[in-house]
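Visitor: I've got a model open and I'd like to learn to read it feature by feature. Could you walk me through it?

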Amino acid sequence: MTKLNAFEALEKFGLNWKIKKAGIAFATDHGDSLYTAYPEKLAIVRKDTNEPLGIVSKKYEVFDNFAFADFVNSVLENGKCITSGGSYRNGKSVWLCADLNQITIGQQDTISQFACFFTAHDGSSSLRMIPTNIRITCSNQFAGLRKNEQVSVRHTLNLYDSIAQAQKKLTGLQDWHKEHENQLQNLAAETITQSWRVNYFSQCLANTLNPDMKNLLSGQISDNYKRVIDNDNDEKRQRLLNRLNKKNEIINNNYFDCSNFDSNYIPSDIRFTKFHAFNAFTNFVDHSTRQSAESIHVGAAGKIKQEAFELAKSL
């Protein structure tokens, strides 16, 4: 695997483009001018395609990809350790991942440890440095998405004032990886019963439901459902149960179909453990849902996996 510095990674992964601020105007149907300026907000535009990426406040500080790469290089002290990168939503957010280490769970299950750097050009997120694990056999991802596990730099601050803080946090991020490795080893050492597995998968799926869906299953009717008569509500509940049963079937197939060298593979020494069950569920989230790559990486799907991890530790 070729390792690059951040500027080389921009070229490699198609991120070598710049952005700019642009004024906003809206069409009018009266007066001498066809358009009226809106001075309170600005648009962020890709220079290479002239495509608008987002609307931001005047205080918004532009960190284009080259400033982003400079920040990443400074934090990593110009080391060649970037192994992957890319963008989401046509460049509205971009990311680079730095390879830190590899670990082995049990006797042979290899996991790569990364520091992943993200920034958004649409005003939706700050610049973030997030600890991330990727299981080699299946490409399942797990990121530390809690606030105390990541570095966040707002786009209203001077980017370079945060380099020293991020360098210190990089050490903390490596500590997170060590702690997470210990937690994974503990999960891999604890075998589970059938009843534990059934309960775990059931609770993991329940955590994916929004409040209205939970109310529907429990027989309650929220404000959004007050217009639905009881028969329709019963039908909705049954359809939801059918969808959950299908998802549960997929997760259990992931769990039991674990001997072939594909995305479900689990080495024999750590099969039928909490680690095995957790990976059956994360494999479902990463490969069998309609979640976007960005959501799986750092969004809602990533948080679902975080909840599943905490649940496996607590049960």
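Guide: Some ground rules come before anything else. This is a predicted model, in which local features need pLDDT of at least 70 and side-chain atom pairs count only at pLDDT 80 or more, while totals for chains, interfaces and linings use all residues. Residues are numbered from 1 along each chain as its sequence is written, and side-chain values use heavy atoms, with hydrogens and water left out.

Visitor: How many disulfides does a search of the whole structure find?

Guide: In general, a disulfide is a covalent bond between the sulfur atoms of two cysteines. The cut-off used here is a pair of cysteine sulfur atoms within 2.5 Å. The search of the whole structure turns up one. Its partners are cysteine 97 and cysteine 116, with sulfur atoms 2.0 Å apart. The pair links distant parts of the chain, as cysteine 97 sits in strand β5 (residues 93-105) and cysteine 116 in strand β6 (residues 109-120), 19 residues apart. Helices (H or I, at least four residues) and strands (E, at least two) are DSSP runs, numbered from the N terminus. The link is right-handed, with 95° about the S-S bond.

Visitor: Are cysteine 97 and cysteine 116 buried or exposed?

Guide: Both are buried. Buried means under 20% relative accessible area, exposed means over 50%, and partly exposed is in between (1.4 Å probe, protein chains only). Cysteine 204 counts as buried too, at 2% relative accessibility, and cysteine 258 is buried with a relative accessible area of 3%.

Visitor: Which residues have the most contacts inside the largest nonpolar core?

Guide: The general idea is that in soluble globular proteins, nonpolar side chains tend to be buried together. A nonpolar core here is a set of buried Ala, Val, Leu, Ile, Met, Phe, Trp, Tyr and Cys residues joined through side-chain atoms within 4.5 Å. The largest one has 37 residues, and those with the most contacts inside it are Ile105, Tyr200, Phe201, Ile251, Phe275, Ala277 and Phe281. At least two residues of this core come from each of β5, α3 (163-188), α4 (194-206), α6, α7 and α9 (300-314). Helix α7 gives the largest share, seven residues. Apart from this core lies another, of 34 residues, with Leu15, Tyr60, Ala69 and Phe71 among them.

Visitor: What lines the largest pocket?

Guide: Rolling a probe the size of a water molecule over the atoms shows where empty space is left. On a 1 Å grid over the protein atoms alone, a cavity is a set of points where a 1.4 Å probe fits but cannot get out, a pocket is an open set with protein on both sides within 12 Å along at least five of seven lines, and lining residues have an atom within 4 Å of a point. Grid points are joined across faces, edges and corners, and a volume is the space filled by probe spheres set on the points. The largest pocket holds about 370 Å³ of space. Its lining has 15 residues, of which Thr208, Lys247, Phe284, Thr289 and Gln291 lie nearest its centre. Helix α6 supplies the largest share, five residues.

Visitor: How many cavities of 30 Å³ or more are there?

Guide: Two. The largest has a volume of about 110 Å³, and of the 13 residues that line it, Ile111, Arg135, Phe142, Phe278 and Asn279 are the closest to its centre. Helix α7 gives the most to that lining, with four residues. The second largest cavity has about 50 Å³ of space, and the largest share of its lining, four residues, also comes from α7.

Visitor: Where are arginine 89 and phenylalanine 272 found?

Guide: Most residues other than glycine have a negative phi, and most peptide bonds are trans. Arginine 89, in the loop between β4 (82-88) and β5, has a positive phi near 55°. Phenylalanine 272, in the loop between α6 and α7, has a positive phi of about 60°.
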